[in-house]
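Please keep the sequence and the structure in view while reading.

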Amino acid sequence: MAKAKIEFHTPIGRAKYAWLNERDTAYSAEGVYSCMLICDPKEAKPLLDSLKTLREEEFGTKAKVTVPILTDEETGEVIFKLKSKFEPKCCDSTGQYIPHEKLPKLYGGSVLKLGGVAVCYERNGSKGLSLSLNSVQVIEPVSGGDGGGMAFAPVEGGFVAPAVTEVAMNGHASIDAAEDTENTIDYDF
């Protein structure tokens, strides 16, 4: 008997633990692409209803079934957990294809929409529903440029560092000497 499945798109949500640029190899040498997507419960309801129908048609209403969906106890937000051994196809907010090598770094907080296939399975007496990741639509990438994934707003009257310029020869940042004359120290080499 073929297992029941449906193709789906999530609503737009915020990424958490996004492994979309490269495989996560923490639990297997071959690794997987994966992402948890945090969504508004009202926007997630149609997908949740479709997944519930799929599960009930395959296993009935009374069966205990493992599903990769969580609910945040504090906010009520729905968290979908998708993964795949295969590199997902990616597009921008207009639907234009993005080659994987051109995909911006996607960190937690990136605003995305995910596409995939929900499949019912039964293994060793356990019943479940898996959500395979096939595609990613990048709405707003968060690339973690400041090291923490969140930029700071300017604060008036605080410390202002000397200007920084790029040195073409080695790619390291250096202080612009023309703007930092009062902090110049002469060293005798």
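## Strand pairing around β3

Two strands are taken to pair if DSSP finds at least two bridges between them. The model discussed here is predicted, and the pairing is described for strand β3, which covers residues 32-39. On one side of the account stands strand β2, residues 13-24, which runs antiparallel to β3 and is joined to it by 5 bridges; within this pairing, aspartate 24 stands opposite valine 32 of β3.

Strand β3 is also joined to strand β5, residues 78-84, by 7 bridges, and these two strands again run antiparallel. Here cysteine 39 has valine 78 in β5 as its bridge partner. How much of β3 is covered? Of the 8 residues in this strand, 7 are buried, and the strand is described accordingly as mostly covered.

## The loop between β2 and β3

Glycine 31 is placed in the loop between β2 and β3, and it counts as buried because its relative accessible area is 0%. Leaving aside residues up to four places away in sequence, glycine 31 touches Arg23, Asp24, Thr25 and Lys85. Asp24, one of these contacts, is also the residue that stands opposite valine 32 in β3. With lysine 85, glycine 31 has a C-alpha to C-alpha distance of 6.8 Å, although the two residues are 54 residues apart in sequence.

Lysine 85 also takes part in a salt bridge with glutamate 30, in which the closest N and O atoms are 3.7 Å apart. Because glutamate 30 lies in the loop between β2 and β3 while lysine 85 lies in the loop between β5 and β6 (89-91), the pair ties together parts that are 55 residues apart in sequence. Lysine 85 itself counts as partly exposed, since its relative accessibility is 48%.

## Salt bridges

How many salt bridges does the model contain? The count comes to 4, and the pair of glutamate 30 and lysine 85 is one of them. Another is formed by lysine 45 and aspartate 49, whose closest N and O atoms are 3.0 Å apart. These two residues are 4 residues apart in helix α1, residues 41-59, and are therefore separated by about one helical turn. Both partners count as partly exposed, lysine 45 because its relative accessibility is 45% and aspartate 49 because its value is 36%.

Arginine 55 and glutamate 56 likewise meet through their side chains in a salt bridge, with an N to O distance of 3.9 Å. With a relative accessibility of 23%, arginine 55 counts as partly exposed, and glutamate 56, at 27%, is also classed as partly exposed.

## Glutamine 137 in strand β9

Glutamine 137 belongs to strand β9, which covers residues 126-140. Is glutamine 137 buried or exposed? Its relative accessibility is 19%, and it therefore counts as buried, the limit for that class being under 20%.

A polar atom of the glutamine 137 side chain lies 3.3 Å from the backbone oxygen of aspartate 92.

Key
Residues are numbered from 1 along each chain as its sequence is written. This is a predicted model: local features need pLDDT of at least 70, side-chain atom pairs count only at pLDDT 80 or more; totals for chains, interfaces and linings use all residues. Side-chain values use heavy atoms; hydrogens and water are left out. Buried means under 20% relative accessible area, exposed over 50%, partly exposed in between (1.4 Å probe, protein chains only). A polar contact is a pair of N or O atoms within 3.5 Å; within protein, one must be able to donate a hydrogen and the other to accept it, and residues adjacent in sequence count only if both atoms are side-chain atoms. Contact means heavy atoms within 4.5 Å.
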